[in-house]
Amino acid sequence: MKKDKVSSLIKKEEKRQKKVINLIPSENYVSPAVLKALGSVFTNKYSEGYPGSRYYSGQGNMDDAENLTISLACKIFKCKYANVQPLSGAMANWAVYFGLLKPGDKILAMDLSHGGHLTHGHSATHISKIFKFIFYITDEKTGKIDFKKLEKTALKEKPKMILAGFSSYTRSLDWKKFAGLAREAGAISVADISHIAGLVAGGVLENPFNAGFDVITTTTHKTLRGPRGGMILIRDNKLLAEKINKSVFPGLQGGPHMNNILAKAVCFEEVLSPSFKKYARQILKNTKAMEKVFRQNNVEMVFGGTDNHMILIDTTKNFGISGEEAQGILEKSGINVNKNVIPNDTRKPADPSGIRIGTPAVTTRGFKEKDCERTARKIITLLVSRREANKSTKIEL
Ligand SMILES: *Cc1c(COP(=O)(O)O)cnc(C)c1O
């Protein structure tokens, strides 16, 4: 592709990102400083290994950068060890499974349609063929995790790992219960906080380490607002940390992306500033503002509402249209959301029953409660008018 074509694409994307109201809960806008680190000469360097023990020469600056990123990560999440090399959230999870378990071992995780993530053992993934995943679900009436059932499964099946974490669950998890149950069942406890890392770092959601979790995995590009990538944190167990380091490299990955690790350090410095705490608080206030509007307008929310940065809505039930259709209608009006499965969805993942709405990106853009209320009202108006139009032309879903 010619260079002018590339710069024109970048300009167009910049413009698109500025123009839309981005309510995709897993996306955000990084700072110019993060972009600068990502685009720096750190991308030129091969640094297989870890600080102090690399394979190639010329690593002084790389070691300083990785050590800085590690120490900032430990400071933010109050733990002893961190591996900042995972190239993505998926790789962070895979490295934990392979590092701490043997093929065939059982992992108890959250079912995808109830909020869990693909990388938690969904049958479409390679990883589901290597480890034996069993699943827990939410209770239809309360929207909370059915902990009685989860406990029974854990004590009967004796999984080697209990995984707590989600990508479309909107309530808070009782970390203490999870960690306690894992101890009782003799399992390693892992919290995947990919979606909520920024809320934990900002002090508005509880840190799973405070509740006794052994390991945390996370992405760095969602609410944490850093470069695209992953990270593994270990509370205090040196043996676990060593196993995980070996698992990331050489077990799973080759050379780490040092520009990305540098950009993680920039992000973590930002996270440690007082303004980030304010940002995290505003995210919650903004989701609550949207929740209020949906409630006032009798739009039923999956799991009964929200305790975090996102809201899940069954569009078939509330508006008589599929998630795919709702996503399309909103996109035409400059609002980006994503279609999403709902618990026990009867429709296909490519055209599921719901949409997922989140506030991290618009909060970065400066949205306050009033802006979010207005946006929620607009969403309702757009979706209701389609329902009415469908009614008058008698289109059946
Ligand atoms: C986003 C996410 C991941 C995967 O992250 P990628 O960087 O896309 O691989 C893993 N787990 C959870 C809970 C997530 O939300």
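Student: How many salt bridges are counted between domain 1 and domain 2?

Tutor: Let's set the terms: this is a predicted model, where local features need pLDDT of at least 70, side-chain atom pairs count only at pLDDT 80 or more, and totals for chains, interfaces and linings use all residues. Residues are numbered from 1 along each chain as its sequence is written, and side-chain values use heavy atoms, with hydrogens and water left out. A salt bridge is a side-chain nitrogen of Lys or Arg within 4 Å of a carboxyl oxygen of Asp or Glu. Between domain 1 and domain 2 the count is one salt bridge.

Student: Which residue forms a salt bridge with D307?

Tutor: Domain 1 covers 32-271 and domain 2 covers 280-391, bounds that come from an automatic or database domain assignment. The closest N and O atoms of the pair are 3.1 Å apart, and the partner of D307 is R171.

Student: Which three residues supply 32% of the area that domain 1 buries against domain 2?

Tutor: Buried area here is the accessible area (1.4 Å probe) that two parts lose on being put together, summed over both. Between the domains that area is about 1800 Å², with carbon and sulfur atoms giving 58%. Supplying more of domain 1's share than any other three residues are S113, T170 and R171.

Student: How many residues of domain 2 are in contact with domain 1?

Tutor: Contact means heavy atoms within 4.5 Å. On the domain 1 side 23 residues take part, and on the domain 2 side the number is 24.

Student: Why is the protein described as being as compact as a globular protein of its length?

Tutor: The fold has 14 helices and 14 strands, where helices (H or I, at least four residues) and strands (E, at least two) are DSSP runs numbered from the N terminus. The radius of gyration is taken over C-alpha atoms, and the globule rule is 2.2 Å times the number of residues to the power 0.38. For 397 residues the rule gives 21 Å, and the protein is as compact as a globular protein of that length because its radius of gyration is close to that, at 21 Å.

Student: Which residue is joined to P250 by a cis peptide bond?

Tutor: Most peptide bonds are trans, so this one is worth a look. P250 is found in helix α8 (residues 238-252). With omega at about 10°, the cis bond joins P250 to F249.

Student: What is the phi of K158?

Tutor: K158 lies in the loop between α5 (147-157) and β7 (161-165). Although K158 is not a glycine, its phi is positive, at about 45°.
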